[in-house]
Amino acid sequence: MKKSSSSAHLQHSRDMIMGSSYLPKRTSKSRRCGQDAHFLCREKLTLGVADGVGGWAKKGIDSGKYSRELLKNSVAALDRESRGSVNLRRVLEEAFCMTKSEGSSTACIITLRDDDHDHEHCLNALNVGDSGFLLFRNKKCRFKSSSQQHRFNQPYQLGNFNYGDGPDIAIEIVVPVESGDVVVVGTDGLLDNMFPYEIEEILSRTQDDKNVAKLAKTIAKYASYNATDRYSDSPFSRPRKLAGTKPRLGGKIDDISVVVAKII
């Protein structure tokens with residue numbers, strides 16, 4: 001689900017290059033699509049990830065169908081938006097209303113905007129649940145989005161049929177950006193298995209951070225390794241202990257979606 005454009009850009013505008021990697025938790029033929037979805041739309045400087053809530057599988061429902069339809073409809077809604085001034089709340093609300101599949105999903109959609117008033121460029125994000133993003137400048141983490149959860153391991157989620165939350169629950173985030181900044185976006189399969197300092201270490205060893213697809217693949221593989229490490233002190237194991245759940249070291253085996261964008 002990708003869109004790209006080679007059209008000329010205004011000289012005052014920033015651009016961003018984007019790449020992605022997806023590692024489904026299950027590799028059997030019936031589960032090859034997994035529960036996650038993502039899109040890249042360079043034409044509108046916008047990207048997004050979503051994670052279908054796995055509990056629907058117990059009811060015989062494909063947990064990833066809702067997330068895939070939600071982001072497909074988000075891309076359709078982007079067609080009516082202008083580059084550099086995408087209204088994410090309008091996009092998400094329209095996509096939510098168009099999505100008719102049973103199920104529910106977290107979501108994080110991000111766009112690069114031009115602010116004509118102070119000539120500043122910002123990332124605008126809408127986040128629902130425990131997907132999210134991190135901003136790195138000079139290979140150091142400068143910002144990390146917060147997770148929305150009703151309680152431990154039960155994230156806010158968009159959904160139909162009187163199940164889930166509406167798009168009005170989405171948190172809006174605005175972060176100023178500079179040329180050279182790297183944005184790492186992921187579902188909880190990434191964020192539950194990697195600390196920011198681990199991504200910093202990968203960035204510090206990366207000589208060509210313009211190869212964002214390769215960088216996304218490297219980060220996803222690292223997260224996948226952590227997920228299967230039963231003895232690691234992971235971002236998932238720490239809140240588990242605070243929530244009063246039986247303490248357990250190790251990562252969380254899950255679908256892993258990673259999108260990397262570099263501001264240029």
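Predicted model: local features only at pLDDT ≥ 70, side-chain atom pairs only at ≥ 80, totals over all residues.

Which residues have the most contacts inside the largest nonpolar core? They are Phe39, Leu92, Ile109 and Leu158, in a core of 22 residues, where a nonpolar core is a set of buried Ala, Val, Leu, Ile, Met, Phe, Trp, Tyr and Cys residues joined through side-chain atoms within 4.5 Å. The elements that give two or more residues to this core are β3 (36-41), α1 (63-78), α2 (88-98), β5 (104-115) and β6 (120-128), and α1 gives the most, with six residues. Helices (H or I, at least four residues) and strands (E, at least two) are DSSP runs, numbered from the N terminus.

Residues are numbered from 1 along each chain as its sequence is written, and side-chain values use heavy atoms, with hydrogens and water left out.

The chain as a whole has six helices and 14 strands, and buried residues make up 53% of its 264 residues; here buried means under 20% relative accessible area, exposed over 50%, and partly exposed in between (1.4 Å probe, protein chains only). Among contacts between residues at least 6 apart in sequence, 73% join residues at least 24 apart, a contact being heavy atoms within 4.5 Å.

A second, separate core of 21 residues includes Leu123, Ala125, Val259 and Ala261. In soluble globular proteins, nonpolar side chains tend to be buried together.

Another part of the interior can be followed from helix α4 (residues 196-204), in which Glu198, Ile199, Glu200, Ile202 and Leu203 are buried. What covers these buried residues includes β7, β8 (140-144), β13 and α5 (212-227). Val184 lies in strand β13 and, at 0% relative accessibility, counts as buried. Val184 and Ile199 are 15 residues apart in sequence and 8.9 Å apart in space, C-alpha to C-alpha.

The charged side chains come next. Side chains of opposite charge can pair when their charged atoms come close. The structure holds 11 salt bridges, each defined as a side-chain nitrogen of Lys or Arg within 4 Å of a carboxyl oxygen of Asp or Glu. Glu178 forms one of them with Arg137, the closest N and O atoms being 3.7 Å apart. Glu178 lies in the loop between β12 (171-176) and β13 (182-186) and Arg137 in strand β7 (residues 132-137), so this pair ties together parts that are 41 residues apart in sequence. Glu178 is partly exposed at 44% relative accessibility, whereas Arg137 is buried, with a relative accessible area of 18%. Arg137 also meets the side chain of Asp181 in a salt bridge (2.8 Å, N to O), which links strand β7 with the loop between β12 and β13 across 44 residues. Asp181 counts as buried, at 1% relative accessibility.

Elsewhere, Lys252 forms a salt bridge with Asp188, with 3.0 Å between the closest N and O atoms. Lys252 is in the loop between α6 (237-242) and β14 (256-263) and Asp188 in helix α3 (residues 188-191), so that the two are 64 residues apart. Both Lys252 and Asp188 are buried, and salt bridges that share partners join Asp188, Asp192, Lys252 and Asp254 into one network.

Finally, the open spaces. The largest pocket has a volume of about 640 Å³, and of the 26 residues that line this pocket, the closest to its centre are Gly52, Val53, Gly54, Gly55 and Asn153. On a 1 Å grid over the protein atoms alone, a pocket is an open set of points where a 1.4 Å probe fits, with protein on both sides within 12 Å along at least five of seven lines, and lining residues have an atom within 4 Å of a point. Grid points are joined across faces, edges and corners, and a volume is the space filled by probe spheres set on the points. Strands β4 (46-52) and β10 (154-155) each supply at least two residues of the lining of the largest pocket, which divides into six nonpolar, 10 polar and 10 charged residues. In this division Ala, Val, Leu, Ile, Met, Phe, Trp, Tyr, Cys and Pro count as nonpolar, Asp, Glu, Lys and Arg as charged, and the others, Gly among them, as polar.
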